[in-house]
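Here are a few notes to read alongside the model. Have the structure open while you go through them.

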Amino acid sequence: MTGTRPISIIGAGLAGALLATLLARRGWDVDVYEKRGDPRIKGYEGGRSINLALAERGRYALQQAGAEEAVMRQAVMMRGRMVHFLDGRVQLQRYGRDDSEVIWSIHRGDLNLTLLGLADAAGAQFHFNRRLSSVDFDGGDMVFVDDRTGAQHGAPFQTLVGADGAGSALRAAMDGYRPLGERTALLDHAYKELEIPPAPGGGFRIEPNALHIWPRGNYMCIALPNDEQTFTVTLFMPNHGDPGFDTVATPAEARALFERDFPDALPLIPELEADWARNPPGVLGSVYLDRWHLDGRALLIGDAAHAMVPFHGQGMNCAFEDCVALARHLEADSAAGASPRQALAAAFAAFEAERKPNAAAIQHMALENYIEMRDKVDDPDFLIQRALEAALQARHPGRFVPHYTMVSFMRIPYAVALERSEIQRRILEAATQGLDSLDGVDWARVDAEVIGKLQPLPQES
Ligand code: FAD
């Protein structure tokens with residue numbers, strides 16, 4: 001394509017702001033419409049999920065946008081899971097082999113502000129207080145509402161990218177025009193956020209360089225550090241049952257739950273009752289679509305296309321990977337010499353073909369990881385399998401790569417990570433059956449299985 005290349009992005013959240021930066025730097029005329037006010041003026045109004053785990057896929061995408069350095073300045077390293085047993089014992093389970101294989105806790109608001117600043121500097125035009133309300137796909141017009149006043153504003157578009165999150169209004173408009181085959185699967189569990197403040201004299205109250213987990217079978221608490229020496233605690237629990245958000249409804253009932261099941265966490269959360277009363281339970285679920293785009297007119301990315309449950313800490317990482325992939329496909333297809341409309345349709349189709357199987361794979365792994373986090377990390381079978389996994393990684397470098405490593409420290413397609421993880425899980429389960437240490441492992445058999453069933457991963461992944 002030559003001349004101007006207009007593109008309108010709906011949503012200036014994490015994916016919208018990163019994509020705006022990547023495209024504006026490549027010479028696109030980017031307009032971004034966001035329902036909330038400008039957080040640089042009003043302060044960040046994110047509400048939920050105060051911090052997020054950033055892993056290799058997300059870091060790589062930030063690097064592509066020149067954002068990595070600014071973001072990493074505020075990140076807190078998490079080396080592994082610090083498991084808090086009910087009897088008060090704690091155990092650090094490392095995520096990787098050393099400090100080159102870690103994840104990072106970052107503040108959603110700070111990250112969003114950094115990305116908005118970069119997109120702005122790259123030339124993207126922002127339109128805040130513009131909530132997408134309807135789209136005329138044939139006429140090329142859209143209508144926004146300013147929620148402060150109720151006023152409506154129209155704007156034309158050439159092509160639209162929906163980065164407007166799990167409840168995407170663009171998705172609803174596309175679905176109304178030509179059904180997308182949407183299926184939303186809500187989890188019968190929800191979450192509540194609480195805070196561990198800094199210690200009275202300053203400093204973190206518990207080990208800062210870890211993701212803390214209190215696994216309790218059907219429910220759990222986690223805590224991620226923030227660079228201002230606080231932790232954001234998230235309780236994940238069923239909506240119904242004992243315990244469940246229906247039976248643990250009042251602040252007093254919450255305190256009773258913590259006294260019984262999280263006694264070492266309770267003294268760390270002095271405002272438990274106030275936090276409980278302030279924050280309503282957050283909904284969790286996955287969104288699946290058969291189609292992500294409407295020819296060259298509209299495309300969905302990030303949570304709008306494939307919202308997932310947060311248990312692998314990959315929703316944002318995956319959304320960031322989407323942005324890099326989309327920018328690459330848009331360049332490739334605009335270079336191919338077709339008309340702008342055809343080029344966009346080809347780029348959107350290629351993007352969907354690449355990303356949809358991978359999004360489905362991480363959606364699946366995220367659901368599986370909830371069970372692992374809340375019910376397995378304190379289980380002896382799980383621990384011996386992790387020990388064997390580490391041993392096989394050392395015996396077969398590049399061939400037997402632990403599941404968590406493939407998802408969090410590499411950029412191989414999620415679908416490949418899922419396929420290999422399933423083969424590896426079967427090997428681990430069979431080899432450790434009935435064992436309580438690695439002493440009884442039949443190494444010759446396991447080695448033969450690894451070599452027979454797993455090809456070495458390409459070096460660059
Ligand atoms: P969002 O970040 O939701 O941004 C959407 C934007 O669109 C917002 O700015 C919104 O205001 C705007 N918008 C919405 N509707 C409209 C409209 N009609 N018109 C205009 N603008 C609109 N991911 C990780 O990688 N690691 C983690 O550790 C992690 N932890 C999580 C914990 C919890 C509890 C939850 C709920 C999620 C977590 N995630 C995590 C997932 C992550 O938050 C999302 O995947 C990520 O925010 C998706 O980015 P997005 O830009 O697609 O959507």
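**Notes on the ligand site and a strand pair**

1. Let's start with helix 10, which gives the shell around the ligand its largest share, three residues. Keep in mind that this is a predicted model.

2. Now zoom in on the ligand. There are 30 residues around the ligand, and the ones that come nearest are Glu-34, Arg-36, Ala-53, Arg-108 and Asp-303. Sorted by class, the shell holds 13 nonpolar, nine polar and eight charged residues.

3. An N or O atom in the side chain of Arg-108 sits 2.5 Å from an oxygen atom of the ligand. For Asp-303, an N or O atom of the side chain is 2.7 Å from a ligand oxygen. As for cover, the ligand taken alone exposes 1,000 Å², and the protein buries 87% of that.

4. Next, a look at strand 17 (residues 282-288). Is strand 17 largely enclosed or open? Five of its seven residues are buried, so strand 17 is largely enclosed by the rest of the structure.

5. What does strand 17 pair with? Strand 13 (residues 183-196) runs antiparallel to strand 17, and six bridges join the two. To find your place in this pairing, look for Tyr-191, which stands opposite Gly-282 of strand 17.

Methods:
Residues numbered from 1 in each chain as written. Predicted model: local features only at pLDDT ≥ 70, side-chain atom pairs only at ≥ 80, totals over all residues. Heavy atoms only, no water. Near = heavy atom within 4 Å. Polar contact = N/O pair within 3.5 Å; in protein donor to acceptor, adjacent residues only side chain to side chain. Areas by Shrake-Rupley, 256 points an atom, 1.4 Å probe, with all protein chains shown as cover. Helix = DSSP H or I, 4+ residues; strand = E, 2+ residues; numbered from the N terminus. Nonpolar A, V, L, I, M, F, W, Y, C, P; charged D, E, K, R; others polar. Buried < 20%, exposed > 50% of the residue type's maximum accessible area, 1.4 Å probe, protein only. Pairing = 2+ DSSP bridges.
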